[in-house]
Amino acid sequence: MNPISILWLYDDLLDLYGDWGNLLAVTKGLDAMEIPWHIDHKSLGDETDFSQYQMVYLGPGKARNLAQAAKDFVQKKKQVLDAVEQDVLFLATGNSRLLFGKSFTGADGETLPGIGLFDYTGEETGNVFVSDVVAYPVFAPQTASYGFINRTAHIHGNTRDPLFAVSYGAGDGQETPAQQEGNLYRNFFGTWQLGPVLVKNPVFLKEVLRRLTGERFRDWNTTAEELALKLTLSEILK
Amino acid sequence: MKMKLALILGKLLYLLGKPFGKSTNLPGELALKICPHLLGKFRFDGKVLAVTGSNGKTSTANMVAYILKQQGYTVAHNAKGSNLTGGVATTLLTAASLSGRVRRDFVVLEVDERFSRLIFRDFSPDALLCTNLFRDQLTRNGNVDVILEKLHEAIRPSVKLILNGNDPISADLAPANQRVYYGMAQTAQSSQKCLNITHDAKVCPRCFGRMDYSYYHYNHIGGFRCTKCGYTNPDWRYTADQVDFASGDFTINGYRVHTDYKDLFNLLNITAAVAACSELGLDLEQCCRAVSTFVPLKQRYDEFQVGDRRAVMILSKNQNPVSFDQSISHLLEREGEKTVVVFINNINHTGHRDTTWLYDISFERLLGKVNAIVGTGPRAYDLAVRLKLAGFPSEQVRIERNLSQLKAVVDKTRGDICILTELYDAKSILEVISK
């Protein structure tokens, strides 16, 4: 059986806060389906053939690290855009989303180009902003999900392909209650929510794995995850 | 005039609040309201040492104060970890005369790294010891770079730095300042691979090149070299070496030190304290002898009996995975059967439901080493998920969210009871377990 090849891009630079949990959840799901997998790590200056991978993960990072990643990532622009169009699954959590917009401006005022998959721009504020988020993903609009935002930047002009309809907490844009958050385009998933967002939301995890494994997908027991989510949501929405 | 009023009222409030346990922060906060620049008005007879860092600053500052007192010096010290602006002000105003003169041989101030630039706005220590810098309470602190920025704003050019030469991040603090380093040579418990999930120096803090480690003491603390720019452990003046984990003996620059608390992070904290005291002018051999009789605060680590079972409570800092990793290291040192009790709360200071930080803790190190893990607290089921993904069989994990029902669950387990929890939750869990 062909293994699922996963790339953790900039794992050394963009690793802020429990982000490894997402790959833990994906690989445990693959284990449950008895599908083999392997994870590669690539970073600054590494030759990267995105066509070799079924999934690419990018997590959030410190502002200085993100700026370094941005300078490298923009050189991979064509390969990344091609990979997205060829339905390679991307998951970008936290501020790594900024790499996929038109550009973002760091706290020092320097504006760095993104790869332009989306039209939004980003702006570092230098202020830590946190928010619980309850939102409904577009692929399961009746299912509430829980996430956590911890950021020092926001996004302007994200007008297409939202991932979530937000019912509680912040989304894109300013630090105020929002209507939508994130992006889902083909198999690209991008969200401000950080940490193990796939662990917290089994429906999200299963959507990712369904797309990743196709006909090989088999459901598995996520009762514990569902119970943890239910308790969290019941406390926030009471 | 304002200063005198602030000192009088602060001292009065200190005396009135002491019987009620309200004397650590409030007097200083009140005094600073009356005289906002009070901290800049004190005059010190002795040297002032500040101790900061992500982990170990309370223990290290306590050790420094202990060594100094053992040598017969008078010391003003915020011993109870009251390390914010109010706590520092309280410590100084209670030690000062009404003219603002602090008649102590030494002042030892534990300082929260986040508040350092506020605390040192109006005065500056003679020396600053930084134990380490890690990801820590990201909801409050932001990331390590944010903390570094705040420390750089706080540290004046005149401050002598005492730094951990095993930590590539804090070793590079305020590079223009005068500095000495301490460090620890590779030990039998150091590892070739990082045993922890949290590793904040995978890339070089100077040039972003990949870091290469010849050994790890814990997390990103160890023997490092950047594969790109060559940044490596600096030469250190104080070296911990020859660690005998069986006896708890080791050496600092050849002088024997003993401790019963033998974890690598504590050995480094001891070395830091000895280095600081030596830099303050004390005899190194005397410092080593004095620190060998130091007993850690029971507030952070306490052993007691629950019926016929031994119990130990090891406290971690809130949402600080490295601190939690250290608690795990400590309980792994214990021999015999054990049940681990873990209390997981919401984010303490904000009430957010996030449990992301659990994914930065290496619970995997407990696999096959414990009889059971009992999870409790508001986010106990999130812990159950974390443990499931770590590979614990479901029969080893018991969940009881309700603290009042916890005792019955723990009573059905075997071995020593090892309670791992955060500082703020310790009292409530202790009341239940020790009934």
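Two residues count as in contact if their C-beta atoms, placed from the backbone, lie within 7 Å. Keep that in mind for what follows.

This is a predicted model, where local features need pLDDT of at least 70, side-chain atom pairs count only at pLDDT 80 or more, and totals for chains, interfaces and linings use all residues. Residues are numbered from 1 along each chain as its sequence is written, and chains are lettered from A, ligands numbered from 1, in the order in which they are written.

Interface first. Chain B puts 26 residues into the contact and chain A puts in 36 residues. On the chain B side, α6 (138–141), α7 (144–154) and α11 (380–390) each give two or more residues. Helices here are DSSP runs of H or I, at least four residues; strands are runs of E, at least two; both are numbered from the N terminus. α11(B) gives the most, with six residues.

Now the sheet in chain B. It is open, with nine strands and mixed pairing. The order is β3-β5-β2-β6-β7-β8-β11-β12-β13. Pairing takes at least two DSSP bridges between two strands. Which strands stand at the edges? β3 (75–77) and β13 (255–258) of chain B do. Each has a single partner strand, so one side of each is left without a neighbour in the sheet.

Look at the β3 end. β3(B) pairs with β5 (residues 106–110) of chain B in the parallel sense, over three bridges. There, B:His77 stands opposite B:Val108. Helix α4 (residues 85–95) of chain B lies across both strands, β3 and β5. It runs at about 150° to β3(B). Axes are lines fitted to C-alpha atoms, for helices over the stretch in contact, and angles run from 0 to 180 degrees between N-to-C directions.
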